[in-house]
Amino acid sequence: MAGKKGKKAAGAPEVPAKKPSTLLPPSQSQNNLTFLLQAAPSELPGLSLADLQEDENFEEATLEELLDEAQDLPQQPSALWVVATRQLTGVPLPHPGTGKLVDPWLIIVLDALTGEMLFAEPHPLPSNEQIAEALVLCMLEPNDGSAPLRPARILTEDGPLALSLHMMLARLGVKVERQDLPGLNEALAQMVGALEGHLGEELSGPQAPVFLAGLPADETEALVVAFRQFLAAEPWEVFSGRKPVYVSWNATAQREAGQFYATLMGLAGQEFGLSLYPDWVTYALHLYNFSAFDIQQGLDATGGTEALMLSDPDTLHPDDLATLYAAGADPQSIPGLLRIGPDGPLTPLTPVALLPLVLEMLAERAEGRRSPVTTLNSERDGVRVRYPAGPRDELTVAERAGSVRVVMAYAPSLAGQPAGEVVLSGPADMLFRKAMVGLRAWLDERDIRVNPPFRLNLMATESGADGEPEDALEPPMIWESRAELPDLTLAHLARMSRVQDTWFCALTAEWQPGKLDALSIVSDFKPGKKATKKRSGP
């Protein structure tokens with residue numbers, strides 16, 4: 001633990017407002033600290049699991065620098081402190097250096113006259129010098145916001161520690177003495193026990209599932225190395241985050257064939273990695289429904305969001321973090337595969353063993369480039385990466401060989417739109433936006449006053465109290481006519497149960513065998529008076 005100059009030390013507790021003292025006189029309290037047993041749980045330091053991870057953002061200061069700064073502080077002759085260390089049990093956390101699970105220690109500083117907890121900082125195994133740093137930090141930055149000061153004396157029950165601290169703090173004029181402190185062990189045991197219970201509850205709460213379980217050590221090392229290469233190459237600077245990447249792979253003896261879409265994160269400077277989507281519909285739902293103002297709506301629409309990203313240690317499962325450290329990861333480049341659902345963390349869907357190859361191909365395309373990447377078609381060990389990607393990429397050979405029949409049922413509207421149907425059939429890989437352009441022209445030629453869909457929403461299929469389908473109050477959006485937003489193919493419509501447009505138009509689609517070369521349209525709407533004589537299509 002290095003000194004954290006200029007900021008409150010990590011894990012420093014919040015001290016409650018002072019209460020009228022019921023303590024023993026100072027002359028007696030030096031030898032009897034049973035008053036500490038009066039501490040209520042609300043007076044315990046407000047530590048959390050995040051505080052038990054070392055913060056790399058603090059400006060580190062050496063003990064000598066801290067002593068130089070504290071030398072000019074006023075000394076309070078009546079100030080008497082107690083310093084002790086206690087180990088937390090039942091909340092094992094990864095060591096920030098080795099990744100091995102350890103029970104952390106707390107460096108605790110108490111005011112011997114009031115019983116206030118002045119300081120509490122976690123450390124894997126504090127040395128005498130680190131305890132001295134903690135004491136000087138406590139002098140420079142009192143937790144209760146009072147003026148910085150030097151105490152006159154510091155007590156500890158540890159003889160060797162007292163001698164070491166006395167020598168290190170001598171230049172400050174602070175005396176450190178070894179002294180028996182009856183009641184200290186019992187008091188600290190009660191405080192630390194309550195703190196362990198609080199941290200244990202936090203540890204047992206929702207946390208990220210393990211994503212490296214069963215992954216061989218060499219493949220974990222490959223992930224660590226590839227992610228470090230990815231971060232160094234900064235591909236988000238030359239790949240557009242608005243254009244997805246398509247990843248697919250062949251079946252082997254070890255894996256089934258599969259696919260996913262991804263977009264690069266990093267240009268905003270906040271999150272770095274890959275957003276991952278199992279299919280195009282999920283990608284579209286994500287873009288149409290996620291909002292900084294309503295994240296829950298996006299999670300409900302997609303069933304969860306997933307990413308391989310630069311992660312803070314406390315966001316990963318301790319087992320994964322230990323595995324990553326053992327594979328050579330450092331705190332500045334920890335890869336985490338995380339999936340968050342509507343109700344909390346979920347097991348990721350993306351096969352982690354394939355990600356190193358994807359990261360390598362993206363990084364190699366970006367290395368040394370200053371101009372934007374326009375295309376990427378790369379393959380390695382049966383894994384293919386294509387950029388930019390679209391909805392057609394994921395269609396199967398069987399889907400492409402067929403056609404799709406879409407029935408558009410219009411309900412009468414207050415604006416005077418009549419009821420009726422439009423049935424269009426087209427190639428399964430035809431983009432829906434192109435089909436709507438064709439439909440608009442067909443309707444205009446016949447002077448049929450109905451509007452093609454311009455916004456589609458998925459409709460709920462859950463049953464209500466009466467057993468009938470219950471439509472969602474805010475059904476998720478899946479398509480919009482604007483060209484800059486994700487499009488769908490007719491085959492994607494056939495994969496969905498039911499969609500509806502804003503213009504009182506419900507769409508049902510069905511895949512059919514037999515490929516069509518063009519769009520065909522029929523309707524029971526009667527042509528208007530201004531219908532053109534020359535018509536294209538039926």
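A polar contact is a pair of N or O atoms within 3.5 Å. I kept this cut-off at hand while going through the structure, which is a predicted model.

**Entry 1: Thr282**

I looked up Thr282 and found it in helix α7. Its side chain makes a polar contact with the side chain of Asp279, at 2.7 Å.

**Entry 2: the largest pocket**

I next turned to the largest pocket, whose volume is about 1,200 Å³. I found 44 residues in its lining, and Thr263, Met265, Ser275, Tyr277 and His286 lie nearest its centre. Among the elements that give two or more residues to this lining I listed helix α7 (280–289) and the strands β11 (258–265) and β12 (273–277). By class, I recorded 26 nonpolar, 11 polar and seven charged residues in the lining.

**Entry 3: the nonpolar cores**

I asked which residues of the largest nonpolar core touch the most other members. They are Phe230, Phe239 and Leu362, in a core of 51 residues. Helix α10 (residues 355–366) gives the most to this core, with eight residues. For Phe230 I listed the contacts beyond four places in sequence: Pro235, Trp236, Leu264, Gly273, Leu274, Leu359, Leu362 and Ala363. I also noted a second, separate core of 43 residues, which includes Val281, Val406, Leu439 and Ile478.

Methods: Residues are numbered from 1 along each chain as its sequence is written. This is a predicted model: local features need pLDDT of at least 70, side-chain atom pairs count only at pLDDT 80 or more; totals for chains, interfaces and linings use all residues. Side-chain values use heavy atoms; hydrogens and water are left out. A nonpolar core is a set of buried Ala, Val, Leu, Ile, Met, Phe, Trp, Tyr and Cys residues joined through side-chain atoms within 4.5 Å. Buried means under 20% relative accessible area, exposed over 50%, partly exposed in between (1.4 Å probe, protein chains only). Helices (H or I, at least four residues) and strands (E, at least two) are DSSP runs, numbered from the N terminus. Contact means heavy atoms within 4.5 Å. On a 1 Å grid over the protein atoms alone, a cavity is a set of points where a 1.4 Å probe fits but cannot get out, and a pocket is an open set with protein on both sides within 12 Å along at least five of seven lines; lining residues have an atom within 4 Å of a point. Grid points are joined across faces, edges and corners, and a volume is the space filled by probe spheres set on the points. Ala, Val, Leu, Ile, Met, Phe, Trp, Tyr, Cys and Pro count as nonpolar, Asp, Glu, Lys and Arg as charged, and the others, Gly among them, as polar. A polar contact is a pair of N or O atoms within 3.5 Å; within protein, one must be able to donate a hydrogen and the other to accept it, and residues adjacent in sequence count only if both atoms are side-chain atoms.
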